[in-house]
Structure formats: structure tokens, C-alpha cells
Amino acid sequence: MGRLEGDRRGWLRGAPPPRWVRALPLLLIVGVCVATLVSPDPLDIGFLLGAIPPLAVLSYGPVATAVLGAAVVVMLSLPAFQLNHPGQTDVLTVCFVALLSVFVAFVRRRRDVQLDTERTIAEAAQRAVVPPVPERVGPVSCAGLYRAAERGTLVGGDFFDVRESSHGVRAVLGDVRGHGLAAIATVASLLGAFREAVLDQPALEEVAARLDRRLAVDSARVPHAELFATAVLLEFTPGADRVRIVVCGHPPPLLLRDGTATEVAAVPWTPLGLGLPESAPPTGLDVPLRPGDRLFLASDGVWEARDADGAFYPLVRRLPALAADAGPAATADRVWADVLRHSPAVRDDVTMLVLAPADRRRR
């Protein structure tokens, strides 16, 4: 189950206002009514009603704002509320503020509709670039978690994908240079190359070489682009009893086995996109798998998360306890929650991929 980041906007950044903001104009009206009716003497609080139309603009459309503005004018005019004495409130000023608020609410509503449409399109496009991974691909159970560093985006500079091919289940997790919207084009290019190479290339090293060439070609088209990416690629055999791993400048996967987490000793290769000659091809590592083994892949946003003292997140030490008696999706959720406890202000894209070969004894 792959999950991309949802809407993290606050209500001051375009998200719908909270309930207390919507209730504030109504509470203010009720408060003024009760205070004036209960008090035996006139209260000079009519000026508070002038704030109701501007407050309504934050939550309501032009019609509701006009209704609240009319209610304010009526309250100022009714003798029962004792707010109509000369010098207490300038009714004409309140009328002008109410009309202006209706106009502002009209403009805001139209702008919100346009922004919501554009955001919906952007979310659909970003989810198309990095779609959620299914819960199971062939004989491998999968879970992916993505948290983009840039607010208001679902995709940044990290990427992952899991695909089935005639050579087995192949997966990739990587991190391109930079993050946020500027990195999405590079992510889309890499994932497109990966999805094609998975079907065409018989060897996992050739898939990595295809990604390297894709970045090198893209970088050559733009002067001083300096495009590169780190990545780790995996290939499970059709029986899921062995996995081949190619590491390209990325932290290696962690193998969860018998309550311990161990870094896979894969031969490191340079990051993708440097256009290295064919004389220096990547070298993969074959790792036999036992029933119950799981592979945990994470981006720099996890490995390099720091606490207030500057200490890195101890992923290798904490992962076994977090993954105990947990499926792939629960493991990713637990690690993310633990990362936030360690480093509340995560400033980099966070990506995790948990892969669990099916227990062959149960099939």
C-alpha cells in the first residue's frame, strides 16, 4: 500500500477554515444580543458588530456574508438592543463595510474555486508521476510511504516503484538532486525509463545503466543542469527466494531477519546521471531470502533526520523494534512516527519502501 502525502496546508495557507472560525461571526452576534438584552443599562458595544461582515469573509460566500451583514444592520436599528443611540455606532459605516465584505467574499469564492480546480489537476498529475504501489506485486508484499518536504505538494525529489516482469519483481527507490516542484520533471523521466527498462532489460545492472543514460541525456540538453540521482534497485526471483540488489550512491537496503536489521553489503556504484563509461558498469549482489525476511529501503530524509542536538536518526538500531509483529504498511507508519519524534522539523523528502517476500511455506 503506497501512500503519498495529503493536504498539509493550514487554513491560512488555503485549506478550509476550522469550525471555530466559521462559528465566530455567529457567536459574536449571539454574544452581543445576550449582553444587551440582559444588561439594564445601554451598552456601548455596537462597534463589535462591525467586525462580523469581515469575519464572515474568512469562511462564507457572498450570500451568507450579505445575510450576516443585514442581520448586523437590523440589530443596530432595533430599539430592543439599545444600540441605536446617536454617537454609539455609525450605521452607515457598518453598511459600507458589509457591502465591501460581500464584494470581497465574491472575489474570494471565485478565486478559491479556481485554486481548487488547479490543485485537483496538480494532485492528479503528481499521483500519475508516482502512483501508490499496490499491496502485493507478484510474490512480494509492498508498502510505500512518501512525505514531500515542500508544503502543498505530493511529490518532490524522491521516487519509488515496484513492477512485475518476466525476470521477476523489480523495485526502485531513489532521490534526485533537489526537491519540490523543480525535481518532478526529473522524477518523471527516471520512472518512465525504469518502467520501460523493467520490461526490456534482462539484467538489473542494465536497468540501472538505462536510468544513468536517461539522466545523462536529459542533463546534456540543458546547460549546467547537473542532473544526478541516487537510487537502489532490487530484483526478486520469480520464487521470491533470492533478491539481487544494485546500489547507485544510495544508502543500501536494510534486511530485517530474526529480530535484527542489517545493512546489505552491496557493492556501491556512483550516482545515476554521471554518464560513466561502459568500462565501469554497476555490480549487483545476490542475497538469499528466508521465510519472514523483509527489506526496508529509505531515502536521506530518514537516514539524515536530526534531533535538536544534531544527532542523526538511529534507523538501524530502532527499526527491529518498530517492525516487530508489524506488516509492511504498519512498519512504514511506525518508522515515520518515530522519525517525527526524533526530528519534528523534517526538511527533506521522506520516502520508505518495505518489501516482504511471501512465505513460500504458505503458498
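**Notebook: a histidine, a ring pair and a surface patch**

I looked up H250 and found 5% relative accessibility, so H250 counts as buried. I keep in mind that this is a predicted model.

Where does H250 lie? I traced H250 to the loop between β7 (242-248) and β8 (254-257). Next I checked its side chain. The H250 side chain makes a polar contact with the side chain of T230, at 3.0 Å. Then I listed what H250 touches, leaving out residues up to four places away in sequence. I noted L173, G174 and D175, then T230, A231 and V232, and also A298 and S299.

I turned to the aromatic rings. How many aromatic pairs are there? I got one aromatic pair. Y146 and F160 form the pair, and I logged it as tilted. The ring centres are 6.2 Å apart, with 45° between the planes. I placed Y146 in strand β3 (residues 140-147) and F160 in strand β4 (residues 158-165), so the pair ties together parts that are 14 residues apart in sequence.

I found a nonpolar patch of about 570 Å². I picked out F106, which lies in helix α4 (residues 91-129). The cut-offs explain the label: exposed means over 50%, and buried means under 20%.

Definitions and conventions:
Residues numbered from 1 in each chain as written. Predicted model: local features only at pLDDT ≥ 70, side-chain atom pairs only at ≥ 80, totals over all residues. Heavy atoms only, no water. Patch = residues over 30% accessible without salt bridge, like charges linked within 9 Å, V, L, I, M, F, W, Y side chains within 5 Å. Areas by Shrake-Rupley, 256 points an atom, 1.4 Å probe, with all protein chains shown as cover. Salt bridge = Lys/Arg side-chain N within 4 Å of Asp/Glu carboxyl O. Helix = DSSP H or I, 4+ residues; strand = E, 2+ residues; numbered from the N terminus. Phe/Tyr/Trp six-rings, centres within 6.5 Å; stacked < 30°, edge-to-face > 60°. Buried < 20%, exposed > 50% of the residue type's maximum accessible area, 1.4 Å probe, protein only. Polar contact = N/O pair within 3.5 Å; in protein donor to acceptor, adjacent residues only side chain to side chain. Contact = heavy atoms within 4.5 Å.
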